[in-house]
Amino acid sequence: MAPHTHILLNRLVGFLGSALLLSSFAMLSMRRMSSLVRIFALQGLLLTLGTLSVAIVAGEPHLLFSALFTFIFKVLVLPIILFRLLERLRIRGEVEVLLNVPTTMVVGLFVVVFSFALASPISELASTVSRGLIGVGLAALLLSFLMMITRKKAITQVLGFLGMENALFFSAINATYGMPMVVELGVAFDVLVGTFVFGIFFFQIRETFESFDLKHMDNTQTE
Amino acid sequence: MIPPLTTPLLESLWILAAWATTGLAGSWLVLRIPALSRFLYGLLALESLFMAHSGFRGLAERSDTRLVLAGGIPGLPFHFRQDPLSSFFLLLLGAASVGTLIYTGGFMKNEPPRTNALFFLRTALFLSSMGGVFLADDAYIFMLSWELMALVSFFMILTERKREDVRRAGYLYLLMAHGGSLLILFAFALLASHGSLSGPHSLEDFSFFSMSKTLLSPPLALLVFLLAVLGFGAKAGILPLHVWLPLAHPAAPAPASALLSGIMLKTAVYGLLRILFGLEGLPQLHASFGIGLLLAGGVMALFGILYALLQSNPKSLLAYSSIENIGIILLGIGLSILYLKTGHPAAGAVALSGALYHAMNHAFFKSLLFLGAGTMVHATGETDLNRMGGLLHKMPLSGLFVLVGVFSISGLPPTNGFVSEWLLLQATLQAPSLSGTILRSAVLFGAALLVLSSALAAMGFLKFFGIGYLGQPRSEGARDAHECSLPERIGMGWLTLGTLFLGFFPAFVLSGIRGAVFSLSGADLPSFSHEFGWTWLLPFPPHGPSTSPIFLAGLLLLLALPVFWLARLPGRGRRRSAPAWGCGYPGPTERSQASAESFAQPIRHFFPVFFSMKRHIPTPDDPDPVFSLAVEDPHWPLLYRPLFRLFSLVAESAEKVRTGRISVYLVYSFATLLFLLSVLRWR
């Protein structure tokens, strides 16, 4: 491969990483449920492209398969399932938050700074081409976690969870060129099955509480 | 196809397996054909007899064999070892359980098949796990057997699980047993990590052989000592961890109590000896450890027997008396550490053999007495001594057996209790040879406690026998009492014979104990090679005075003969039955006999500091006068209840963290994650 292509691809990986981080912030700030799912699909696409470029830069052919699976699951299957869920559950309303969006964004900024500080020694140890992006993965992971904390509805929790999985995958690829194929396949299926289970749960929850507000799922208080 | 039993260790391991398989297969059989249970208990007893043989062989040959079997966890196969100390305790396990097992066959015959089958299974597994404790040579198999033993005995206590008090007692026992295990495990971990804080290097470090090579700094040696004493003490009933004993024993069926008190408490003694002498090793002990153990044992003995005296339930009386006896054993161990560390090996060996001898004695007479208490409860349907009385007429043979047990536990001369207490006293009499006032006075203080508690023991068991077996029946149940079944009498008879044997042939027993003492301490007993040496108890110091139980028994018989002759001579003083003399009182009833409480009144009066009493004496003008007296173990109001209150206070404040909101829980995870990551990063 020609060196300038190499540099270009390297830049591309960096660009995709920052786009991923941006998409995490976008998920934090979105107010409509359907746009949240769209951003999740976009995040999947960015992940696919990122994996693809790392595969080419590093010359790791098995990452090509990873990219393929990522595309199938995270760009096609999961968003479709989620959209159907939204449709069948007739969810159109706004995302309800526990902590208002600007405050969450500020907290998110601190989380990003923390993640980069945390990742710097790991980046020095790692031998991969895209080692600078480990911090991005960690930041995306913590941001998704933050989303799970600050949102009220059960579906947003699931999206936060899926976002965490994306971020983990991204970190793994950048730190060690991904996990073994078997593990990745297993994780992918786990996420799929998890989404199905969540879907069934949502129907049950609506049957029982006629709402998705998490406060109905709060543990009963003692006494 | 039986492989040749070339070593006692192989024989013992085969018997462990035999016990377990007999238990599994036998419980299935008992469930289908309940009548078989008596024979199956006989089979277990036969296996116990083989175990006793293996232990005896090990002691006679002084063999010390190790065996490594595949299995266990990766990197740590099962290590087994039978050295003279293990052999001694295996002999104790085998010989004392024979009687209890035969007895159980008769005791459980009227129970429903399910109960009977379960009890059979638990008994067999219990024996097998105790054997495992004695044979273990690495921490893993030791803890495995130890925990199995704790669990199985928990279920044995829960035989009558429908009763609320039984469940409470069982739960308390389980709590204590697991707390103790934790401490023991910690002691093992310290020994395995060779005193370094980074932990053991490999799993092989957990074998006892590797642990015995450990060199510890003095503070760590003290820590291991304390952990072992408290950990094994929770099982043995060391103060203040004894509270489960007086609750568990009345709750459990008699054979279970006999096994628990007679044998299981000895596993704790064994474990303590193994860690202190075997793993930590004598060079790392300090004389002050001995003083601590000596005083702890002495206080335990006095406390145990004082409370035994106050009990009116025969089984709680025996339970408190177990605390006393374990106290005596610990006192002996402490004494031996003290002597061995101050350069008096012979006195140390005598004290250690006194402790081991007492462990063996206690296994026999306490099993016997628990079985006796079981027959008392079975025959009368009462659990209170105040509702028994006059049982000797109804149950002459078992009464006679119990009388032998009572003599032994009181330490009266021709019996085995006398032998071991004599040995310990002889060891304490070497105090003048010690240098240092503290050492000397500690030993003499221990001696005083020992003598006081054995005198009180005699009084306590006079109460046990006098109120229970003598006098007039105090209830309908006692009036209709009947002699127990044949297997029960055979079982008690076996234990009685064992007790008498241990009393009459001390030299023979000591020659066996010698090997165990030598392997532990490297000190040998003074030799007793003079003419008719076997009839004499160990003379100590070597040319000092000695005593002979056989001679004493002959003397007693000689003194008793004229009385017997005067009473029984035909023609003179015909026997006639007449109402008991009522001291001039015209209407004596059975209610005017001394009761269990009145018997102990002087003791309550003399030792008020030990008791927390609630007494209500009605005033003369009370229209409905009721005298009430409640004596409680002071450890409950002073230690355990405040502890429980503190515990629930902490638990309730911790409850505030649990808000029940998912978001809050997520914040907890998030904060923990951030914290751990920053620790990782900026360590």
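Helix α15 of chain B (residues 396-410) has 15 residues and spans 21 Å from its first C-alpha to its last, close to the 21 Å expected at 1.5 Å a residue. The expected span of a helix is taken as 1.5 Å times one less than its number of residues. Helices (H or I, at least four residues) and strands (E, at least two) are DSSP runs, numbered from the N terminus. The structure is a predicted model, in which local features need pLDDT of at least 70 and side-chain atom pairs count only at pLDDT 80 or more, while totals for chains, interfaces and linings use all residues. Residues are numbered from 1 along each chain as its sequence is written, chains are lettered from A and ligands numbered from 1 in the order in which they are written, and side-chain values use heavy atoms, with hydrogens and water left out.

Several residues of α15(B) are buried, among them B:F401, B:V402, B:V404, B:V406 and B:I409. Buried means under 20% relative accessible area, exposed means over 50%, and partly exposed lies in between (1.4 Å probe, protein chains only). The buried residues of α15(B) also include the glycines B:G399 and B:G405 and the serines B:S398, B:S408 and B:S410. The elements of chain B that cover these buried residues include α12, α13 (345-380), α14 (391-394), α16 (416-428), α17 (437-469) and α19 (486-504). Just after α15(B), B:G411 takes a positive phi of about 75°.

Helix α12 of chain B (residues 314-341) holds B:S316. B:S316 counts as buried because its relative accessibility is 8%. Leaving aside neighbours within four places in sequence, B:S316 is in contact (heavy atoms within 4.5 Å) with B:P246, B:P250 and B:Q311. The C-alpha atoms of B:S316 and B:G99 are separated by 21 Å, and the two residues are 217 residues apart along the chain.

The loop between α11 (287-310) and α12 of chain B contains B:S312. With a relative accessible area of 16%, B:S312 is buried. The side chain of B:S312 makes a polar contact with the side chain of B:E597 at 3.3 Å. A polar contact is a pair of N or O atoms within 3.5 Å; within protein, one must be able to donate a hydrogen and the other to accept it, and residues adjacent in sequence count only if both atoms are side-chain atoms. Beyond its neighbours within four places in sequence, B:S312 is in contact with B:T383, B:D384, B:L385, B:N386, B:A596 and B:E597.

Over all chains, 14 salt bridges are counted. A salt bridge is a side-chain nitrogen of Lys or Arg within 4 Å of a carboxyl oxygen of Asp or Glu. In chain A, the side chains of A:K74 and A:E165 meet in a salt bridge (2.6 Å, N to O). This pair links distant parts of the chain, 91 residues apart, with A:K74 in helix α3 (residues 62-89) and A:E165 in helix α6 (residues 154-176) of chain A. Both A:K74 and A:E165 are buried.

In chain B, the side chains of B:D83 and B:R81 form a salt bridge (3.9 Å, N to O). B:D83 is buried, with a relative accessible area of 4%, and B:R81 is buried at 16% relative accessibility. A network of salt bridges links B:D64, B:R81, B:D83 and B:R274. Another salt bridge joins the side chains of B:E164 and B:R167 (2.8 Å, N to O). These two residues are separated by about one helical turn because they lie three residues apart in helix α6 (residues 164-192) of chain B. B:R167 is partly exposed, at 39% relative accessibility.

Two backbone features occur in loops of chain B. A cis peptide bond joins B:L239 and B:P240, with omega about -10°. B:P240 is in the loop between α8 (218-236) and α9 (244-251) of chain B. B:R62, a residue other than glycine, has a positive phi near 50°. B:R62 lies in the loop between α2 (37-61) and β1 (65-73) of chain B and is partly exposed at 40% relative accessibility.

The contact between the chains takes 18 residues from chain B and 19 residues from chain A. No salt bridges are counted between chain B and chain A, and two residue pairs are in polar contact across the interface, both at pLDDT 80 or more. Helix α24 of chain B (residues 662-681) gives the most to the side of chain B that touches chain A, with 12 residues.
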